[in-house]
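Here is a friendly walk through the contacts in this model. Have a look at the structure below, and then we can start with a question.

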There are 4 protein chains.
Amino acid sequence: MVGYAFMGAAHSHAWRTAPRFFDLPLAIEMTALAGRDAERVAAAADKLGWNSVETDWRRLVERDDIDLIDICVPGNLHAEIAIAALEAGKHVLCEKPLANSVEEAERMTAVAEAAKAQGAVAMCGFSYRRTPALSLAKRLVDEGRLGEIRHIRAQYLQDWLTDENAPLTWRLDKSKSGSGSLGDIGAHIIDAAQWIAGSNVTGVSAILETFVKERPVGGDFVGLGGHGGADGPKGPVTVDDAAVFTARFDNRAVGVFEATRFALGRKNAMRVELNGSKASLAFDFEDMNSLWFYDSADGPNSGFRKIQATEPEHPYTGNWWPVGHGLGYEHAFTHQVVDLANAIAAGEQPTPSFADALQVQRVLAAVEASAADDSRWTAV
Amino acid sequence: MVGYAFMGAAHSHAWRTAPRFFDLPLAIEMTALAGRDAERVAAAADKLGWNSVETDWRRLVERDDIDLIDICVPGNLHAEIAIAALEAGKHVLCEKPLANSVEEAERMTAVAEAAKAQGAVAMCGFSYRRTPALSLAKRLVDEGRLGEIRHIRAQYLQDWLTDENAPLTWRLDKSKSGSGSLGDIGAHIIDAAQWIAGSNVTGVSAILETFVKERPVGGDFVGLGGHGGADGPKGPVTVDDAAVFTARFDNRAVGVFEATRFALGRKNAMRVELNGSKASLAFDFEDMNSLWFYDSADGPNSGFRKIQATEPEHPYTGNWWPVGHGLGYEHAFTHQVVDLANAIAAGEQPTPSFADALQVQRVLAAVEASAADDSRWTAV
Amino acid sequence: MVGYAFMGAAHSHAWRTAPRFFDLPLAIEMTALAGRDAERVAAAADKLGWNSVETDWRRLVERDDIDLIDICVPGNLHAEIAIAALEAGKHVLCEKPLANSVEEAERMTAVAEAAKAQGAVAMCGFSYRRTPALSLAKRLVDEGRLGEIRHIRAQYLQDWLTDENAPLTWRLDKSKSGSGSLGDIGAHIIDAAQWIAGSNVTGVSAILETFVKERPVGGDFVGLGGHGGADGPKGPVTVDDAAVFTARFDNRAVGVFEATRFALGRKNAMRVELNGSKASLAFDFEDMNSLWFYDSADGPNSGFRKIQATEPEHPYTGNWWPVGHGLGYEHAFTHQVVDLANAIAAGEQPTPSFADALQVQRVLAAVEASAADDSRWTAV
Amino acid sequence: MVGYAFMGAAHSHAWRTAPRFFDLPLAIEMTALAGRDAERVAAAADKLGWNSVETDWRRLVERDDIDLIDICVPGNLHAEIAIAALEAGKHVLCEKPLANSVEEAERMTAVAEAAKAQGAVAMCGFSYRRTPALSLAKRLVDEGRLGEIRHIRAQYLQDWLTDENAPLTWRLDKSKSGSGSLGDIGAHIIDAAQWIAGSNVTGVSAILETFVKERPVGGDFVGLGGHGGADGPKGPVTVDDAAVFTARFDNRAVGVFEATRFALGRKNAMRVELNGSKASLAFDFEDMNSLWFYDSADGPNSGFRKIQATEPEHPYTGNWWPVGHGLGYEHAFTHQVVDLANAIAAGEQPTPSFADALQVQRVLAAVEASAADDSRWTAV
């Protein structure tokens, strides 16, 4: 694994936990952790449970005892690492967004497709897909329960930048993160919407906004945000604070998307709602174990049902606890590892593939292009 | 009063009820009801409690025993009636949207301003403003509790057109209604957003969509929609089924709006949320007696509070029942009458004025222009 | 009508409004209002819309132009008025609880049954039955949707006495009100539970508690409670502040009841939940237009559905507004008048009858007896 | 660790995970797993990650390489194992309820107190205490935010026995489980209520009910319940299906408790609400990352706040994910291990102690005694 921050901890937990709750066709060894700072990577490996360390990710690519490379670093490094790993015949799990540009994502996808012929598979870490309630949403759509889909509305609302003195982290530096709320959280709802609806975005009209143009350099990090010094030096915020856009899908649905880190009081409100001709469904990550489902077949006594997606029949949950004993954020990462291991063993392409992630990347690029040109309608 | 359908019943109830719960400075007489069909207007007057009837609204304008004309007919008739009434020195309460075009609305506003000098006042019936929880939202913003407003998201979601055989009513005929979901329900959220935020929309980028192009002529009406005959003749739907747009406000906030009658399961989800630098608030008419308020001053134990807007200290509610004994949809109309009567007696301009409603009309027009030109950014 | 306080206003509104929204078989005349204080009753009649006044309720009984007497005074006066009215051949609508003792309630019921033979009907005002969502709950149970009912839990939680200086009103004086939270609000949930379940309470084990033993005399009334002077004279609270009890029903269900005015933050949380072998339902008056319904027939994707009880097919709501346009507290009183008028015209017994209310009275008495004897199990 | 079923999996996960997210003062070794069936215990040890196995728990007590014994077996075995372990100088973590009788619990508590002097500590696994939102509730009460507590209502509602053919598992066999819903889930809400309120139950009046007297022997287990064969042999259910009781606390609060496995649609609704003179709080495990808090200090704009108990300042959550990224059921077990390890290292008594659990056991016994004697008031 490369990287050991927020995502590194989540992924490590997943590798450690998956075989304890699921019967996997492969044995998992947490072989090596890579990071540039020798001391810090050693401490992280000890904490997170990795057997060895490297200070150069290239060493992971070279080592014969490593079959898969898990990339948990900022987006500007994804392409180089993923391509090297795939070309060396390693399987790759790469955090989202796939890359910081469509061009990089296209190259990665091309390499992934070539590597697949050699037996190495690539997967992009849109982890929310494996939240049981969202997997259930996908299942209901695939079963045709919704009929023709007319509306898709998706929001990802956070508030950790509301404080004007929250510090300038790498997530606010375009050279590392590629974009702000758009790529970080907007990418999740674009992927979720397209995946659940089984339909791609064909065009967008967008606004990107940076409410706070400068922020303190340094400062204490707490969670994603933290508290910077109001009096110290400041640096420029080079990414968007909020991204909002309308969209059309190839199934004729009309979409509305909003991603922001300034929705005070909304902590991790990753929301998706689909309205079909026969049924509707709605999800909010702040109540992540529930899926709301409205079925017009229930007649005048229809109403949005709060399905607790914790039944043995629901995706993934039968391997955990009894009904109503909710899962948490990190479980989706464990399920991602489970599905990846199963796909590798079966010689199948895990999803989302790099091609799926490339489609998301194209939407991100269209949003940026539209926003840069006065919300002009931009085809994907 | 002119008109006696859905709005006519609501307005009649308001005129009848206002003096029973509020101390008004004026006596209210429900003098006359006008409608074209003599038999039906007589039956309606009897049912709704009007003392006389006319089959031509012009008679109301002529009668000396009438001081105020309440206009509850489709939008294509608003301008003519309102202008005649104001020019005759009558006060006017006109249903929303003010008109079917900016040009009409401008003329009406000009006449209203002239009439005001003569002592006749004009008000537009954006009744939701008087829902206590929304009035409370406005009060909190006016008190500065939200700080700088960054996001405004407003939705008006209904589902009564989801059935492809719902009948072709006047609300789907552009010549009468002017537009579809946009003017009917979109106008409400545009007005509410601008009013609560104390800020106007400066530009939009919009999509209008008509999902079902033809519908049965005739059919049974039930509520707003109903069930048409699937096999009978059909006529064209000439208005939008859904309107979605992004917006910017003159306070720098970014807005997202969505109005639709195809959000299956959402019955009357008129929703407004504002995120500020200090606090946020959210409202959903489906739970109309509550206002959700998040105050960052509460520190780490902040959370959206469900304020039951039924306290004696809250707008309007002290005149009704004890706390927690919720009000209904029609109460806002009663409050509208109360405020109008008070304004007339005090010689003040009631709100929303025709000028306020004209601003909404300009946003509606900008949305239509943008949608007609591939979502081009359109200034208001 | 006798009485013109909180209930008087609600009843007046109902008599005034019922014929405007429902087709009634009888014409309603609001003939006379009675109250002891000539000046205040005259003002109230003017405000509430009554055509004449009397300072002695006995005059209402004597007047030939009065067909029905509506009793909205404290419980200690119910028996005398209702009996006199029924014996004079008037129909009676009597506020709940029916009386302040089982003995009174028995006498009233006997007179009501005799009067019925003479064509005068009696009804007790358990108005919550006519809240559409609760009427829908009853319908679902009657249709057999719940199967065998195992649990009934009912709460009526208010908080207007939490303040130790809330004033000593008549509701806290046993000689007038009979009991405290038990008869005032507990009676409502006992009636609702028995009515919806179609089953009577057979025994109880109870606690009554008075948290605050003395309260200020006088003080300002606001809503039900208000603010008394902390330094002025105090008088004894002679009723319960809270009543909690377990119960058994004749359908074998186990019940839990709780009524209190000290549940800080719960304003009017009148809640009923039934769990059956096939389905469950839950209601909370704080969201009065919704009924939550869980149907196990929905399989693994079951979940509590939030039914917005505002459809044309739902009880009463077809006469009001389109779906999702919620009703308020007072609508149940209007529906009560509608059903009473229909029953009178049809020569049928309206429900709840005095006999139904007597059954509630017996539960109240059993609760008091149990509480007075150390929670001893007490048969009803 | 002894036992490897539902609780065994949860505890194993906790031991494995605690050092990865928390800095512990002790190293954790998962040394040995004990169970009677050699083959099954070996498979479980492999799956759950234990280094060795024993087929007799007494071997764990004898082994020198074991410092702590974690007891995850049915209640009838707790006393023997815990006493032997403590007497051998091992620390003990024992699942709840502590025992199947007060007598056993008293003996265990006496041994635990003696062992403490020898440096071995004992803790009972009321894991819900470590759910962050409930820990936050406790903190708010300890800070005096609630004022004088008047009402405590606690429910634990499940529905896995609603199906009359759910199989007869050990949880329905009194000789193993001691009691039914009472000890299994009622114990949790008794502990939570007493702990959060900082006050003990002093007396109860109770009903225990067994709705379904016989159930299929065998059958498939799924989660806690499952599907038995309707046609096969049946055996007697010897425990309660539901337990309801009223209670008084030594702080004068009035309590209502309800534990059942027949509340159809309620999956794991472990709920606690406290109403104080200054504030109220409410929790429902079905939305386990939230705490609802009503603070009357907020004045007329008070309302129950939905606090997402995921802030860095909240108990435990700073060691996991950013705000709004919810935790799941098993995290409480991890926190339990963290606090136990810290207590052992510091030479302090972890909570809940066996004495705390004995108090719960006394309440359970009083409930059973009251129910057996017609709900007679029974002092604890």
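How many residue pairs are in polar contact between domain 1 of chain A and domain 2 of chain A? The count is 9 residue pairs, both residues at pLDDT 80 or more; a polar contact is a pair of N or O atoms within 3.5 Å, where within protein one must be able to donate a hydrogen and the other to accept it, and residues adjacent in sequence count only if both atoms are side-chain atoms.

## Ground rules

This is a predicted model, in which local features need pLDDT of at least 70 and side-chain atom pairs count only at pLDDT 80 or more, while totals for chains, interfaces and linings use all residues. Residues are numbered from 1 along each chain as its sequence is written, chains are lettered from A and ligands numbered from 1 in the order in which they are written, and side-chain values use heavy atoms, leaving out hydrogens and water.

## Inside chain A

Chain A divides into domain 1 (6-128) and domain 2 (132-326 + 358-372), with bounds that come from an automatic or database domain assignment. Contact (heavy atoms within 4.5 Å) links 20 residues of domain 1 of chain A with 28 residues of domain 2 of chain A.

Together these two domains bury about 2000 Å², 66% of it on carbon and sulfur atoms; buried area is the accessible area (1.4 Å probe) that two parts lose on being put together, summed over both. A:Phe21, A:Phe126 and A:Tyr128 supply 38% of the area that domain 1 of chain A buries against domain 2 of chain A, more than any other three residues. The rule also finds 2 salt bridges between the domains, where a salt bridge is a side-chain nitrogen of Lys or Arg within 4 Å of a carboxyl oxygen of Asp or Glu.

## Between the chains

A rotation of 180 degrees with 0.0 Å of shift along its axis superposes chain B on chain A (RMSD 0.0 Å), by least squares on the C-alpha atoms of residues with pLDDT of at least 70 in both. That is the relation of a two-fold axis. In chain B, the C-alpha nearest the axis belongs to B:Arg376, 2.7 Å from it.

Here 48 residues of chain B are in contact with 48 residues of chain A, and the two chains bury about 3800 Å² between them, 53% of it on carbon and sulfur atoms. Across this interface the rule finds 10 salt bridges. The side chains of A:Glu209 and B:Arg248 meet in a salt bridge (2.6 Å, N to O).
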